[in-house]
Amino acid sequence: MTGRAHAAPFTTDDYRARMERAARSAADAGLAGLLVAPGPDLVWLTGYAPTAATERLTLLVLTAGHDPVLVVPTLEAPDAEKAAGAPALTLRDWTDGKDPYAVTAALLGGSGRFGISDNAWAMHLLGLQRALPGTSYASLTEALPMLRAVKDAAELELLAAAGAAADAAFEEIRKVRFGGRREREVGADLADLLRRSGHSQVDFTIVASGPNGANPHHEVGDRVIEDGDMVVLDFGGLKDGYGSDTSRTVHVGEPTGEERRVHDLVREAQEAGFRAVRPGVACQEVDRAARAVIADAGYGEYFIHRTGHGIGVTTHEPPYMIEGEEQPLVPGMCFSVEPGIYLPGRFGVRIEDIVTVTEGGGRRFNDTTREMVIVE
């Protein structure tokens, strides 16, 4: 199995445009600025990923009308300078023994409400609050949940390639023997296939057989897969910096009539969720469309999670396809559509594709069969 050639890297101009858009979005939301700690937001905005997030403060400061500034420890400044987005910002380094919060406070002014990365360390947020008691803070997920949600053409290409690579892994895993092997052995095969398809990072390989399939997040265990088992496969990770995530449910040997009916029902629900995707529709309508199919068939209590989640530089991010989420769908948004039925002590079924919103509806990034697959 071979992966797609690496995509062209994002340029300084790409990162500059993202930082400018983020600063404008913050201002439009009534925020004084954004404070971005190491993690997916910082990678997306600057291309910089510190080798390890430590107790030393690293923070990107974005405020409308001002150049971006990256506060960084002096010993890490050489690595930060190599980031593709570095020419579009100013580096402000600080040395051990100095107060990094004073350095940052000078960039923020004495008051205002700032958005801050969800994964910022508590000690850093508390340090800023001590240095600037007139400021307040909101998590980026709360303040700007759609910051990374709408993907540009290059990002869509990367997500499509990640989806195709995950599909290639499924086409290979369905050929291996399941019966008589432990879940973790099949999971190891699946992780290897993802890497061979071009994934640099494997985030999860759920192999949930028989009654374990009734736990949506079972992952893998020591249970020996038996003839007659339904097996939920849910797997994904990062390829060229963008995520994949797909689920298919296979069966070892011939299924019972009930197992076929439940699988067909989930497939119908997944199709209904996909067909609900179009610009202007609220996210919750995708959940409602999929859930109605399952509820009308009498299995509503066994569909126990949201219908979908966003995906991009992480495998789980906004927007979420769930009741109560009224965010309208916008072309370029990417998310999973993954209804399931989970029968405690018996089996589970989940079918999942990554979908992007287009001008006329939706497009799937996963194209493997959604019919029941029989494995040995």
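E317 counts as buried, at 3% relative accessibility, where buried means under 20% relative accessible area, exposed over 50% and partly exposed in between, for a 1.4 Å probe and protein chains only. The model is a predicted one, in which local features need pLDDT of at least 70 and side-chain atom pairs count only at pLDDT 80 or more, while totals for chains, interfaces and linings use all residues. Residues are numbered from 1 along each chain as its sequence is written, and side-chain values use heavy atoms, with hydrogens and water left out.

E317 lies in strand β12 (residues 317-321); strands (E, at least two residues) and helices (H or I, at least four) are DSSP runs, numbered from the N terminus. The side chain of E317 is joined to that of R148 by a polar contact of 2.7 Å, and to the side chain of T314 by another polar contact, also given as 2.7 Å. A polar contact is a pair of N or O atoms within 3.5 Å, of which, within protein, one must be able to donate a hydrogen and the other to accept it, and residues adjacent in sequence count only if both atoms are side-chain atoms. Although E317 and R148 are 169 residues apart in sequence, their C-alpha atoms are 8.6 Å apart in space. Not counting residues up to four places away in sequence, E317 touches R148, K151, H309, G310, I311 and G312, contact meaning heavy atoms within 4.5 Å.

Q284, in helix α10 (residues 283-296), likewise counts as buried, because its relative accessibility is 8%. The side chain of Q284 reaches the backbone nitrogen of G324 at 2.8 Å, and, with neighbours within four places in sequence left aside, Q284 is in contact with I322, E323, G324, E325 and E326.

In helix α5 (residues 122-131), the buried residues include H124, G127 and L128. Seen down the axis of α5, the buried residues fall within an arc of 100°, so they line one face of the helix; the arc is that of the directions from the helix axis to the C-beta atoms. On the other side of α5, A122 and R130 are exposed, whereas the buried residues are covered by elements including β1 (33-36), β2 (59-62), α4 (100-108) and β6 (135-139).
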